Amino acid sequence: MSDDYTDEHDEAIDQAVAARLAKLRAMPVDTSHLDNALRAQIPPIRQERRILSLRPLRAMAASVLLVSAIAAAIMLTASSGPALAEATQMAQVHQDIVSGRIPVMQVASIAEANRMLNSQSPGAPTLPQMPDSHVMACCMKTVHNKKMACVLLKDDGAPITLAVASAADMKLASAPVTTRNGIDYRVQKVADVNMVMTEQNGKWLCLIGQMPADRLMDIAAQVRF
Amino acid sequence: MDRNQATKRFYDLIWPRRSDVLRVARFLCRDAWVADDLTQETLLKAFRAMERTNVAETNLKSWLLTILRNTWKDRLRAGRIEASMESLVEEPASHPTIGTEDEDSKNDPQTLLEAFSDQQVIDALKALPEEIRWTLLLVDVEGLGVQETAQILQVPDGTIKSRAHRGRAMLRRTLLPLARERRLVTEDVKAQKAANLRQEEL
């Protein structure tokens, strides 16, 4: 009986060995060396391969053209003329920067802010010198696809956001105009946030803060591009 | 058939099977570069055959392995491949068995063999005599039938069955010391039985 058992057992082992060997079939085989050697001796038919490979190339080129055309159309639409920054939009930008709802870069000076903004977004609008203000942070924002450099300043402990863009990109809001020292300021208010907008040396700038509009205009008067 | 047609058929039909041929060659030869060279020659012969005749699309794997076998034999004859030092007649009449039914479940043959890495099994396979190795490679590794293997190796079906059985036994004999070393198996049942019988006689 035990002989019968060992025969059966041998049979079971035989099957197990066969099953283990069969698993070797699933082992990956590196054919790279062989492939190179074979391709060198039996070059694939070039003409057919070119035709085959051109089809996806043509399809890809068509797709790229289509996407480019759509992108160009969007850009043309977006960049047709200067954008208008709504008062509510600008008030929101200020609130977001002050409350930290949007990522900002901590900086200690306007020069540092300009460096940081330029490294993040080459060609970013240059921030003007603000001699008496304490510079805290900066960030880039876009309004209708137009770049706007923003810097958070502190004036007597109160936060102010100064936003700067190219005058070609942003237009002044249709708001009451206050003229000081020959400069026109568009003054607006959203809730308890005041803002003044003006243009200087081809730059559009907007100062926003929870302080009187007169104080914002005083600060704007110090701006030197 | 012109060269372009043969090339197209080669890349359509033979190219997808090159790894099957290379695998057998790799398990057959000690050096990977010899295996690559052997496979390359095999596939080039297949390509030249395609240029000359209209090769049937059925049983292509068997056809390629037949070319591989013939190329290997030619090289062996020419001394370009090192022949195995082992002989088919050197197999002992009895051999140890792995495990018994009342031993620990780790002696289960399936579990035991799974404990060996692919490389360990390949090394054990490479240590077998060549004709046995060929048989196990075609029957067990490549999953060919007995008749198909018999045609490739040009021997009767019975010889394939016998070689396969002997090969598996030799393989487990090769793996057994390793299993013992790794404590994957407790005792050899036949040795244990023999010891018991001797004790009874005394």
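**Exercise 1.** Determine how helix 2 of chain B and helix 3 of chain B are placed, given that their axes come within 8 Å and cross at roughly 140 degrees.

*Solution.* Axes here are lines fitted to C-alpha atoms over the stretch in contact, with angles running from 0 to 180 degrees between N-to-C directions. Angles under 35 degrees count as roughly parallel, over 145 as roughly antiparallel, 65 to 115 as roughly perpendicular and the rest as oblique, and helix 2 of chain B is therefore oblique to helix 3 of chain B. The model is predicted, with local features needing pLDDT of at least 70, side-chain atom pairs pLDDT 80 or more, and totals for chains, interfaces and linings using all residues. Residues are numbered from 1 along each chain as its sequence is written, while chains are lettered from A and ligands numbered from 1 in the order in which they are written.

**Exercise 2.** Which residues of helix 3 of chain B make the contact with helix 2 of chain B?

*Solution.* Two residues are in contact if their C-beta atoms, placed from the backbone, lie within 7 Å. From helix 3 of chain B come B:Ala32, B:Ala35, B:Leu38, B:Thr39, B:Thr42 and B:Leu43. The residues of the contact between helix 2 of chain B and helix 3 of chain B divide into eight nonpolar (Ala, Val, Leu, Ile, Met, Phe, Trp, Tyr, Cys and Pro), two charged (Asp, Glu, Lys and Arg) and two polar (the others, Gly among them).

**Exercise 3.** Describe the contact of chain B with chain A.

*Solution.* The contact takes 36 residues from chain B and 27 residues from chain A.

Terms used
Helix = DSSP H or I, 4+ residues; strand = E, 2+ residues; numbered from the N terminus.
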